[in-house]
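I am opening my notebook on this structure. Each entry gives what I looked up and what I found.

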Amino acid sequence: MHSLTNSQMTADTDRIFDLAIIGGGFSAAALVIHLCKSAPRRARQIAIVSEDCGRQPFGSGAAFGTDNPHYRLNVRAEIMKLFSDSPDDFKIWAEAHICDAEASRPEGDFYQRRDFARYMTATLENICIDGLPEQISTTATTLRQQDNLWHISHSAGAEIRTKMLVLATGNPPPIWPCAVTSSGQNRLVVNPWDGSWQKRLETDDALCLIGGGLTAMDGIYAAAQTGHKGRIMLVSPQGMLPPAQTGWQAQPPISWPKEQLTASRFFGHMRTALKGAGDEWTQSSWQERFEALRIELSEVYWQMSGQEKRRLLKRAASWWSLARYRSAPQNFAAAQQMLSSGQLSIIQDRVISLDEEAGEVKIGLASGDVLSSDMAVNCSGVATDPFFERLIADNIICPCAFGQSPEVTQNLAVCRPESGSYDTLFALGAATRGSFGDVVGAGTIARQAEELAKILASGNLSDLC
């Protein structure tokens, strides 16, 4: 068996791949797994194009590619479903391979994110019996279609040619949500996902977390686990923390209206459906009902017009983020303890400027106040994808309603700028969020990957076995 250790590779300029996947994270790996599940040697026909090749194991991505032992999954093990016909696969694997007493909570087992990366590596090794697809360590810059082939321009040299192409780029790198002035002293952390910034944080340093979502909760829990004593300021427009996951159990899906919905009708249906679950989104009954609504949500959202999607986002984005993205119990408990002790303070405001000089960070707020900190960490979730921006500018893809990612059909085919869709260009995972809305969780992306694998295998992808 070939080693699954990543290595940087350069494309054979004469080779034409059956399939290329741009992206090396969970979405890309889930697609490879489902493509190769019934035909393991299909991996020979696939190229993975990602700047992360060689830097971290294939399939880790931003979500799981961390060595920080304090970054935990935000859902319990049985929710991390890779296979529809074996939904407990990760849970079973974890019970056999992971010894982590801190993972266990009354609500379930919340393992380390890096443990899920180990599971992905083990799964790929079991399925791709002759080794992984060819991994090309480079950054894709733009595309063109010629002679029924996709030509991928990239930063490492000659074009990569492929018959079919999947855009599985994952979440783009974060950017600052405000103006920044920096003297380059490493006190401003724009990308917090791998958790390495905590190694530079002194025990008594003052810390400012910009944003109040799950990334901020990771930082709070990691600071607590490492014995951080300095004050922590969390600045968020909502002025509140995400609720904790409960031990909610899966319920049958709640049906949605069959007609195309407006933003008002969409939001109204959700409010009506949730009334019977009580008023507290911290309760299991509420979370169960919310999750039952999410099961068929993407199909309903896809049918909405672009204008109504924008209206819905404007009206409900903040509420949705707090209801949808719930914290691991470990993270939530650490935050509550810090709030009680006074170490953590939550500031309801918006950061408009950052100024780092002489080891001190000044944080300007919309209210006019200025905070002082030793380190500021971007947990805002703001991000842009230069690759998609280029494809839209080059008139290669039709932008989604928000102008940031591809518009896709129900079968994940990327829409052409003029009309219709491509037969050989698809998108997967976070790249489809503008079209389907709630495409973030591993289980949702895995279901997409499973369906797309069937479509690709029934097309021009040879069925080696």
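Is Trp286 buried or exposed? I looked up its relative accessibility and got 6%, so Trp286 counts as buried.

**Entry: confidence**

I checked the pLDDT before going further. The chain averages 91, and 95% of the residues score at least 70. Then I looked at residues 1–10, where the pLDDT is below 50. That stretch still has 26 contacts in the model beyond near neighbours in sequence. I keep a rule beside this entry: where pLDDT is low, the predicted coordinates should not be read in detail.

**Entry: aromatic rings**

I searched the whole structure for aromatic pairs and got 19. I took Phe116 and Tyr119 as an example: their ring centres are 5.4 Å apart. Their planes stand at 45 degrees, so I noted the pair as tilted.

Where do Phe116 and Tyr119 sit? Both are in helix α4, which covers residues 113–127. They are 3 residues apart there, so about one helical turn separates them. Phe116 is buried at 1% relative accessibility. Tyr119 is buried too, with a relative accessible area of 1%.

Next I went to Trp286 and Trp319. Their ring centres are 6.3 Å apart and their planes are at 70 degrees, so this pair is edge-to-face. Trp286 lies in helix α7 (residues 284–294), while Trp319 lies in helix α9 (residues 306–324). The pair therefore ties together parts that are 33 residues apart in sequence. Trp319 comes out at 27%, so I put it down as partly exposed.

The charged end of Arg76 sits over the ring of Trp248, 4.9 Å from the ring centre.

Ala117 is buried, with a relative accessible area of 9%. I set aside its neighbours within four places in sequence and found it in contact with Ser60 and Phe64.

Then I looked up Ser86. It is found in the loop between α2 (61–64) and α3 (89–97). At 27% relative accessibility, Ser86 counts as partly exposed. From Ser86 to Lys229 I got 44 Å, C-alpha to C-alpha, and they are 143 residues apart in sequence.

**Entry: the mixed sheet**

In what order do the 4 strands of the mixed sheet run? I read it as β9-β14-β15-β16, and the sheet is open. β9 (179–181) and β16 (370–373) are the edge strands, each pairing on one side only. The twist averages 15 degrees from one strand to the next.

I followed one pairing in detail. β9 and β14 (residues 351–357) pair in the parallel sense over 3 bridges. The bridge partner of Ala179 in β14 is Ser353.

**Entry: the parallel sheet**

I found an open sheet of 5 strands, in the order β10-β17-β11-β12-β13, with parallel pairing. β10 (188–189) and β13 (344–348) stand at its edges. Each has a single partner strand, so one side of each is left without a neighbour in the sheet.

β12 (residues 232–236) took up the rest of this entry. It pairs with β13 over 5 bridges in the parallel sense. Leu234 stands opposite Ile346 in β13. Helix α5 (residues 214–225) packs on the sheet and touches β11 (207–210), β12 and β13. The direction of helix α5 makes about 170 degrees with that of β12.

With β11, β12 pairs in the parallel sense over 4 bridges. There Leu207 stands opposite Ile232 in β12.

How many of the residues of β12 are buried? I got 5 of 5, so to speak a mostly covered strand. Ile232, Leu234 and Ser236 point one way from β12, and Met233 and Val235 point the other way.

Notes:
Residues numbered from 1 in each chain as written. Predicted model: local features only at pLDDT ≥ 70, side-chain atom pairs only at ≥ 80, totals over all residues. Heavy atoms only, no water. Phe/Tyr/Trp six-rings, centres within 6.5 Å; stacked < 30°, edge-to-face > 60°. Helix = DSSP H or I, 4+ residues; strand = E, 2+ residues; numbered from the N terminus. Buried < 20%, exposed > 50% of the residue type's maximum accessible area, 1.4 Å probe, protein only. Lys NZ or Arg CZ within 6 Å of the ring centre and 35° of its normal. pLDDT = per-residue confidence, 0-100. Contact = heavy atoms within 4.5 Å. Pairing = 2+ DSSP bridges. Axes fitted to C-alpha atoms, helices over the stretch in contact; angles between N-to-C directions.
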